[in-house]
Amino acid sequence: MAKKGSRRRRKTVLTLLLASILAPILLYTDSRSGFYDSIPSSELTEKDLNLVSLHDNAKLSVIVQESTGAVHEPSHGTYPESLTNSFTISKVASGKLTSQGEHKSRVLSATSKVSELTNDETSEKSQNEELIRESHLQNDNKILQVVNGGSTAKGFEENTIVEKIKMGATQKIDDLSVQFNQENKHEETLGEIILSGPDNGRSKTVTLPNSLVLQLRDQLIRAKVYLGLGSSRSHPAFIRELRARMREIQRVLGDATRDSDLPKNAYDKLKAMELTLSKGKSIQDNCSAAIKKLRAILHSTEEQLRVHKKQTTFLSQLAAKTVPKGLHCLPLRLTNEYFINGFDQKQLTDQKRFEDNKLNHYAIFSDNVLAAAVVVNSTVSHAKNPEKHVFHIVTDKLNYAAMKMWFISNPPGNATIQVQNIEDFKWLTSSYSPVLKQLESKSMIEYYFKSHHANSDENLKYRNPKYLSILNHLRFYLPEIFPKLNKVLFLDDDVVVQKDLSSLWKVDLKGNVIGVVETCGEKFHRFDRYLNFSNPLIAKNFDPHACGWAFGMNIFDLAEWRKQNITSVYHSWQNLNQERLLWKLGTLPVGLVTFWNHTLPLDQSWHLLGLGYNPNLDHKYIEKAAVIHFNGNLKPWLEIGLPKYRNYWSKYVDHEQVYIRECNISP
């Protein structure tokens, strides 16, 4: 009986002990549940989360420290489903499609993981209760601490979830948006990405311009790849469907460059094509064949591009060298008239005016009759006193008669014209002129006319046969051509004069030989673009960053030229460059070294370059310039000339002139 009484007392004590333990647990859990139930999850703000977290952390700091190693965060960021619904990632492309459903499965899987954590913590509570029973109340405070830690597992679970939400809410929005974009980057619709969250209901919109057009074009490329794959050819039904879809896409695209240019059914066609392409993808065993095909296409395209660029360069150079039929007809027609009418025995004007230093003298070296005529006509039409202007035109033997006949039949008002034949310059021999000796050498002829050499040169412009003409180098012999003149204005035959140039003869060159307009505003017009500074002779004598300048409109002080013996400087540099190691052929590089430290910069408005290659010149600068220069391959008398500038040149051509009409030279 005593034993039975003892057992009853023990059971009573244990029952009361358990009741005292479980009562606080139930009360605490109910209060926590009531707290969360009273707050709708959609209205749970970050501020509320912070308050709950701080409150829980204060009570459960001991438990958090003990359980850190036992509780692990899920590998994927999760939210309670009620809170997750407050974050929305929407994708709009001809309508709004929400991605809440896409993430619902992730939330459910995360919830199951939380349930597993709850079960683990419940078993932990049972173990703690068993420890309490065995301890027989040895230390009430310690028992309460341990039991409270185990019995509040549910509260700890809730606190852990809330804390994770608080710490990761802001970051998760960005993570979800990035993950959503990555998962959908290959989808057929890319319109506006809208990220919206609980913060003030604000949305962030990112617009991709003309994305539908780009995707349609991308689909065509992918479709062509599938057509070329061997595995696709074994499925004729798929090939027929794919070709039909390609035709639909091509009709939809047309010439559209913007999404607004597409028809209304463009999006439907895009979706249909995407379905067909997905079939093609499923047909392929692996991606290696497609990758190889794309690489082959890329390599082939790059090779074709390289070939086309080379052909374009060659054809542009060929077009620049080719004489149009009309310009070939004109000198023939003029030469015939010249000899039929016996003008070869007549002189044009009084010879004394050719040597009068009180007049304004121009030097023009050209074998193009029409181009020389435009230079003279444009200069005279803007001259304040045309009778004071004398034009000295030097041409070759082939065009001498035609040039004279043109100015006999078309005299430039009161101005004076002198036409000279280069063959009459008896002093100009290969023994005197190094450049003439070089131009007549066998190696130079091979350099220009051997096809295998021409194809191997990367810069074909240096192989233009115009450099073989001594006319191009006569500018370095001005004192010999005009022995009694003190000042001469040199004009290229591809310029047009738009203002009176008389004031240039009044410019004080301050002991310099040549007045030039510098072109250092552009990087490729500096010395290092023309000269070979890897050669020590060039590097020692010149500055690679020095401003370049251009021939085309230059005033020369011939008296100073003779005084400083500039011609001998020119000859010495030409002799040093026999093997073309200092610069490529042409007159500008040798001009830069010959007149180094002998140039006077003129105002930029005197000479504007670029009308023969630059389509983006500002018209206000063109109108302001005294002389405009069609330097480059796109000459105004060629069909390849820039149409927007051609009128500046053609308005000085009399298209009613009988020889112009007979040769069908149109404006």
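A residue is called buried when its relative accessible area is under 20%, exposed when that value is over 50%, and partly exposed in between, with a 1.4 Å probe and protein chains only. The model examined here is predicted, so that local features need pLDDT of at least 70 and side-chain atom pairs count only at pLDDT 80 or more, whereas totals for chains, interfaces and linings use all residues. Residues are numbered from 1 along each chain as its sequence is written, and side-chain values use heavy atoms, with hydrogens and water left out.

The chain holds 26 helices and 14 strands, where helices (H or I, at least four residues) and strands (E, at least two) are DSSP runs numbered from the N terminus. Of its 667 residues, 44% count as buried. The accessible surface of the chain comes to about 37200 Å², of which 53% belongs to carbon and sulfur atoms; these areas come from the Shrake-Rupley method with a 1.4 Å probe, and for residues only the protein chains shown count as cover. With a contact taken to mean heavy atoms within 4.5 Å, 75% of the contacts between residues at least 6 apart in sequence join residues at least 24 apart.

Helix α10 covers residues 236-253, and its 18 residues should span 26 Å at 1.5 Å a residue, which agrees with the 26 Å between its end C-alpha atoms; the expected span is 1.5 Å times one less than the number of residues. The buried residues of α10 are Phe238, Ile239, Leu242, Met246, Glu248, Ile249, Val252 and Leu253, and what covers them includes α8 (211-228), α9 (230-233) and α11 (266-283). After α10 comes Gly254, with a positive phi near 55°.

Side chains of opposite charge can pair when their charged atoms come close. Under the criterion of a side-chain nitrogen of Lys or Arg within 4 Å of a carboxyl oxygen of Asp or Glu, a search of the whole structure finds 12 salt bridges. One of them joins Lys279 and Glu241, whose closest N and O atoms are 3.2 Å apart; this pair links distant parts of the chain, with Lys279 in helix α11 and Glu241 in helix α10, 38 residues apart. Lys279 is partly exposed at a relative accessible area of 41%, and Glu241 is partly exposed at 23%. A salt bridge also forms between the side chains of Lys269 and Glu248, at 3.9 Å from N to O. Since Lys269 lies in helix α11 and Glu248 in helix α10, this pair ties together parts that are 21 residues apart in sequence. Lys269 counts as partly exposed at 23% relative accessibility, while Glu248 is buried at 18%.

Elsewhere, the side chains of Glu662 and Arg333 meet in a salt bridge of 2.3 Å, N to O. Glu662 belongs to helix α26 (residues 658-662) and Arg333 to helix α13 (residues 325-340), so the pair ties together parts that are 329 residues apart in sequence. Both partners are partly exposed, Glu662 with a relative accessible area of 39% and Arg333 with one of 24%.

Asp492 lies in the loop between β8 (487-491) and β9 (495-497) and, at 14% relative accessibility, counts as buried. Leaving aside residues up to four places away in sequence, Asp492 touches Val375, Arg475, Phe551, Gly552 and His629.
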